[in-house]
Structure formats: structure tokens, C-alpha cells
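Open the model in your viewer and keep the sequence panel in view. We will go from stop to stop, selecting as we go.

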Amino acid sequence: MSSSILRTANGIIFPLTLLFALYMALKGHNMPGGGFIGGLIAAVALVLYRMSHGPDAMMRLMPVHPRVIVAMGLGIAALTGVVPLVFGEPMLRSIAPYISLGVGDPVHLPSALFFDVGVLLVVVGVSVGMIVRLGEEVEDE
Amino acid sequence: MTDHRIILLCVIPLAAGLISIALINRKALSRLVGILSYTLMLGLSLSLLLKITAAPDSESILVSQMGGWTAPFGISIVFDSLSGLLICAAAAVGLGAYVHSFSVISPVTERRYYHPLMQFLMFGVNLSFLTGDLFNLFVAFEIMLMASYALLTIGGSKAQLSQAYKYILLNVLASTIFLMAAGMVYGMFGTLNIADLARIVAEHEAANKELPAGFKSLAVMFLLVFGLKGAFFPLWFWLPDTYYTVPISIAGLFGGLLTKVGVYTVARLFPLIFASDGTSTILADGTMLGGTSPIIQTILIVAAAFTMFLAVLGAVSQHHVRRILSVHVISQVGYMVFGIAVMTGNALAGCAFYMIQHMVVKCALFLCCGVMEKHAGTDDLDKLGGLLKRDWFLGVLFFIAAMSLVGLPPLSGFFGKMVIIREGFFEGMWYLGVIGLVTGAITLLSMLKIWSYGYWNPDQAPTTNKPEAVKASCKPAYAAITLLVVCALFLGLGAEAVYKVANRAGEQLDNPKHYITAVLGDDAYAKVDELIDERIAQEPAGPASADGESLTLVNPEEEATP
Amino acid sequence: MTMVLAICVAVTFAVSIYLMLGRELKGVAMGVFLLSHAANLSILAMSGSPMMTHAQQEAEVAAENGSHAHIVDSPLMKDPPILASQYANEQPLATMVDPLPQALILTAIVISFGVMAFLLTLLVVTNRKTQTIEVADLAEEARKA
């Protein structure tokens, strides 16, 4: 599977895809996109990297095992959901304040963003973990 | 009444599951987290249940709107008496099965995400009991099912793997039908909120207006889905094989919990919504008695009769303890369907009571079976024997649980069966009542079979394990069984107190007003009241108002057809 | 459009059922995946098209003499509930399709994604343990156990 053309091309494709994933994840609040889609795109980037550089190289790229990423993502999402309970609001209630940075327009920062980050992590973790696992099984045989 | 704490019943197992993923290689810690989570769930649900039981009718349903989106648009989480009872029982059963598993499950299995899966299963189960939204119910089912698929194949023995496909494929099929049916409900009514659907149906009933075409086929689709999950006749065939292969604690948990989720959804959705035929009778005191669609009721009656009777015959023919118990799960589901088929408030109360007692008792029996297997190395009745001499304590626990299942007074099964069968006779379904009684007798027979072969028989086989060794290694198991048997005894001896809650659950299922106003706001039911007032004004001396006060004796079909 | 979707749903269901009745679990698994697609398509078909909704809306409004007809009164009308309450007589309805069924489909896709992953892994594990993924052989295996 690994060819030098793919490997070289991936040097450009990989960072661009990750950037695109980030863009999709961030614009998701008001437009099509969001954590789920961003996560899928990021997972595609990682899988492509696995194809070009081999499974070990990809696992080196991941700071932790995919299952930990899933757990972290779920944890972040759940935490975002639970925080409003502390303030006597229903679960998952979100606020969308505009935060002024001092320069330029104030930034629209909804609390749902954290939930989306959680979703993104879950999707990346699940997709990558799944492909790693199935790939291992197939390559073993 | 709004109370945002109810969602904690879902958050606790989710959080515990996540924490135990992190602690995957720390056995003692993950066990501690698991026990803590079940205990917290049990405590929280009990305190909430006590709170709503003490509250007046108007405050007896706790609601939380997720994310603050108002009712028909957002997802509502509803904690009423029925879900409260079931969640309490589920937490108790979960705690029992979980603690029991410490003495039977292998360390290898335990490291394969056993602890998180047990928590995620509870997350799905609790969410299905709590949710007030049809699509969210689908999601809750899927969470529960995913965890159950994984628990079913945990360890991955050949037998497990080859049996798992039946369960998985059938459930995937059922989920697909559920999904389509939910989509159709949305297409038909423009809403998926259960309270909103109940409101729409109540408005149709109050105006005596026909429900849209295809409503009955929707009802049948839902019945198919929930019948499969709840193992109704004729959709039960997957159950005995599946429960036969899994580790016994998991079998106990599944036998106690999973079928009840199917039954619960039928109890929740059918009397309120899908069994309606769009007609109603106005009683003398101005309340409305919704008509029941004869087709749906007939399906339920047939399902109840065959589920009870055929399954118990199947159980008698079995010769392995696990198989006897699994087939009995089906037979007992028949009683609950019987309660739902009668569809009066009292019968539904009986159904609710029966559900919780069956969860506890059935799980206790499965867990006893686990210890029996430890003693004898098998669950084949021919190779068992002398257990009473080896382990009298287990014998006592098993006997109490078995007799509760059979329904001997004053144990818990009696009070469930009595109410359901009595209501059956009142409502002219004497045939179901008779079948119920006969089924009870045959249940006694098969329980006595286990008792006499397993406990009273002289000890014949050179059994694999020494009694002392088993007793020493099964301490958690004894604790778990004792917990569940004490619960069962409480349900039997304290039936009066439990029935107070169950009766309210029955009322809430029978009369949708409180549910609708609790979820949608106080004026949601106004239109129904208006329509009822109009009808009373139109026919001041209708035929129904003459004998209206004997509410349980009015047959809605006869009254409703002009 | 509805007709095209209906035919698509029918064909997808037919293919998936055909696959699921096969003798090999690989085919059965493929059938399961197609089945969820068929269900999603059917939800899409049931969500209706925006133009029709608006036309119906206008007809209703005209018939009811200006008062906004409630959803209950015309169950076949597929108003997006949130939009309908805010923009009852305005233009957006004509160009917008009800977003809720799409949210349902997205959720369902994610779930079937998970089920698919699980089923595939199970197939691999089964094949390794029992050396077969033929339904008949597995049934034999189950009988032995």
C-alpha cells in the first residue's frame, strides 16, 4: 500500500486535512459542520497517514491510545452537559456569550463548543480505534 | 414539577463507566467505582420516588427539559411513579448481579471492559425508563443494546459467538423497524414527544374524531419491536439460547432487566397512545374514558395467553437450571402483558408491581443458579443433588425466591398475580385469568423440580468443589443473593406500601392528564377539557352517565360504538 | 420525488433482505448495513418537501380564513414545528425543509456506524475462533455447546 508518491503527497495532504477538520468543527455552530464531521475528517487524515506511513507511524502520532481519546471525549461532553446542573439549570443547557478580546469584534463563544470538542474526540477515537483494531486482525492472519 | 436532578440517574452510570475505563487494569478500584455507582443510583431513585409519592397529584411527576428547550421541541426527561419504581428495581438488580459477578467472572473477562459495559448498560436502561421522547427512546435502546451485545460476547467462547448472532441480528432488525416507525410518527403527527402524542390522541378521543389512516399499522410496528425486546409470543425464540451461554451474573441481569424494558415501553406507550381508537366515553363525573382499539387489544390478549402458557410448558420440558429459568422469564412476561391487555388503572398497577418483583426475584434465582453451578460444576439437574445438605443457606434463599416467583402468599409474586388476575376476571377476560392460574400451578411444578432434583436428592455425584471452598469463594455471591431476596421479601411483606406507588403509576398510565400537563405545561390539556365540556353539553343524559361511577366495570368498546 | 425515494427504499430493502437470507455471515452483515440505509431513506421520504408544505399551508390558511391551522387538524401536513410556529406565513418555509428528520437520520447513521463496527469485529473474532462464518456451521457449533 505504501508508495513514495502517496507518502510525499501526504506530507501536504495530512496537515491540510487536519486544518480542514478544525475549520469544519469550528464553523459547525451556525452552519453545516460540527464536531462529528470534523472528527470524521480528522480520522480520514489519520487513516490516510496510516496507509502511507504504516500502522506504527500512525500510533506514534497519537499521543494516547484511541480508547483513551474516546473516554476523554465522552468525559468532556458529559462534563459540559453536567455543569449547568450545578447552577440549577437543566442538563446540556448552553450559553452563548460574546467575549471581547480587546481587539476587533467580540468573539461568539457558545458553551456548546466544548460539547462539540468532546464529540470530535469521540469520533476520532472511535474511527481510528476501529480501523486499527480491524486492521490488526486482518494483518495477523 | 421541574426537577433537574433526575438526569443524574443517567449521568452517574455514564461517569462511573468512564472512570472505570481509566481504571481498566485496577480491579479493586473499578469494582469500588461500580458498587458506588449502583448504590448512588439506588439511593437517588429511592429518595426521588419517596418524594413524589408523598407529593400531591399535581406534583407527582418530575420533569427536566434537556438544554432548556421547551417540551414538544426538545427532549423531555420524565420521572413518574412507574419509571421511579422500575429504576429503583433496576438499580437493586444491577447491584446484585454486579456484586455476584465478583465470585464467578474470570479475571480475563473482567479486564475486557466488563466494568464500563455494566455501567453503560445501566445508562441505557435508565434512559429508556426516563425519556419522554420517542426518538430518544430509540437512542436509549441502542445504548442498552450495544452494551448488551458486548456483554453477551464477553470472553468470546465458541458457544457465545455462535449464539450471539441470533440476538444481534434480530435486535438490529427490530431497531430498524423502530426507527422507521418513529419516522412515521413524526410524519403523521409532527412530533415525537410522548406527552405531545398523548395530547393529540386525547384530543382526537375527546372529539370522537378518527385517528389518521395508518395509525393502527404504526401501533403494530411498535408492538412488533417492543414484543421482540420483551420476548412476547411469538417473538421469544431468541431468549433461551442467548441466556444459556453468557456468564451467569450477566444472564441474571439480562433476565431481570432487558425484557422489562420492552414491557415497560408497551405499558408506557400503548394505554396512553397506540391502543386508542379515537373514541371515548364521558363518565358521569366528567372524566373521559378512552376507547381501546379491539385489534390491538386482541393482539395483546393472544400474546399474553400464549406467552404465559406455552412458555411455562417449555420450561417444564427443560432439564437444565439455566434453561428452566430463562424460559420462565418468557412465561412471566406473559403476566405483565396480561396486565397491559386489560388496560384498567388497577391492572396496570398490578403490571408495574409484577414487573419490579419479577426483576428482583428472577435475578436472585439466576444468581442462585450461579452458586449451584459452582458447587456441582454443571447446571444439569441429573448431576445435581444434595445441595441442601451441603449449603442450607443457599437452599433457603433459593426456596424463598422460587416461591416468590410461583406466587405463594405472602411472597411478592402473589400480590402481582392476584391483582392482575382479579382485574382480568372483572373485565370479562376470565380465560386469561384461568390460563394465569394454570400457569402458576405449572410454574410451581418446575420450581419444585429444581428443588427436588437439586436440593433434596441424595448427593450422588462426586462434585468438583468442596462445599467449604465454594462458600469461601462465593462470599460476594451470597451477599448479592441475600440483598435481592431481602428486597423480594420486602416486596411481599410490604406489598401495601409498594402498591401505593404502583397504584399511582397505574392511574398515571390510565389517565394521561397529569403526564401531559407535567411535561407540556398546565394549559396543554385545556383543549381536551373544552371538548369534553362541549360533549357533556350536547348529550346531557348520555348512556354512559347512568352507570358512570362504576368505573372499572364500564366496557369502553360497548359504550363507544354508536 | 417522493415516488423516486419510495422506489429507492423498496429496492434497498429488497436487496438487504436478500442478503440477510444468505448462508454466509459476511453477506448477512452487509444486509444489516443496507437495512439501516433503507430505514434512513424512508425517514427522508417521510419528511416531505418544502414546496409542498408551503402550498398546503397557504391552502389551509385560506380555508381557515387567515387563522393558522394547527398541526393536529391536518396530520399529513409536515410543518417543521419550530419553523411553523415562528414563520407561519412567511417565505422561509417555501425554501426550507424540515431539519428534524435529518437530525434523526444523522443520529441513526452514527448508531448504525457503531453497530457495523461491532458486527465486523465480531465476524473477525468468530472466524478466528471457529474457522468459519457459514451460518450452518455456526448452528452446528451452537448445537454442540
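The tour below looks at confidence, then at the contacts between chains, then at one chain and one residue inside it.

**Stop 1: chain A, coloured by confidence**

Bear in mind that this is a predicted model. Select chain A and colour by pLDDT. The mean for chain A is 85. Of its residues, 95% reach 70 or more. Now pick helix α1 of chain A, residues 4-27. Confidence in chain A is highest there, at a mean of 91. Then go to strand β2 of chain A, residues 107-108. This strand has the lowest confidence in the chain, with a mean of 79.

**Stop 2: where chain B touches chain A**

Show chains A and B together. Chain B puts 13 residues into this contact, and chain A puts in 14 residues. Stay on the chain B side. Two elements of chain B give two or more residues here: α1 (8-22) and β1 (62-65). Which of them gives the most? Select α1(B): it provides six residues, the most on this side. Now colour the chain B side by residue class.

**Stop 3**

**Stop 4: chain C by itself**

Count seven helices and zero strands. Along the sequence the pattern reads α-α-α-α-α-α-α. Chain C has 145 residues, and 31% of them count as buried. Next, look at contacts between residues at least 6 apart in sequence. In chain C, 62% of these join residues at least 24 apart.

**Stop 5: S112(C)**

Zoom in on S112(C), in helix α6 of chain C. Is S112(C) buried or exposed? It counts as buried because 23 C-beta neighbours lie inside 10 Å, and the cut-off for buried is 20 or more. Now select F33(C) and S36(C). S112(C) is in contact with both, leaving aside its neighbours within four places in sequence. Finish with a distance to L34(C). The C-alpha atoms of S112(C) and L34(C) are 9.9 Å apart. Along the chain, 78 residues separate the pair.

How values were computed
Residues numbered from 1 in each chain as written. Chains lettered and ligands numbered in written order. Predicted model: local features only at pLDDT ≥ 70, side-chain atom pairs only at ≥ 80, totals over all residues. Helix = DSSP H or I, 4+ residues; strand = E, 2+ residues; numbered from the N terminus. Buried ≥ 20, exposed ≤ 12 C-beta atoms within 10 Å, placed from the backbone. Contact = placed C-beta atoms within 7 Å. pLDDT = per-residue confidence, 0-100.
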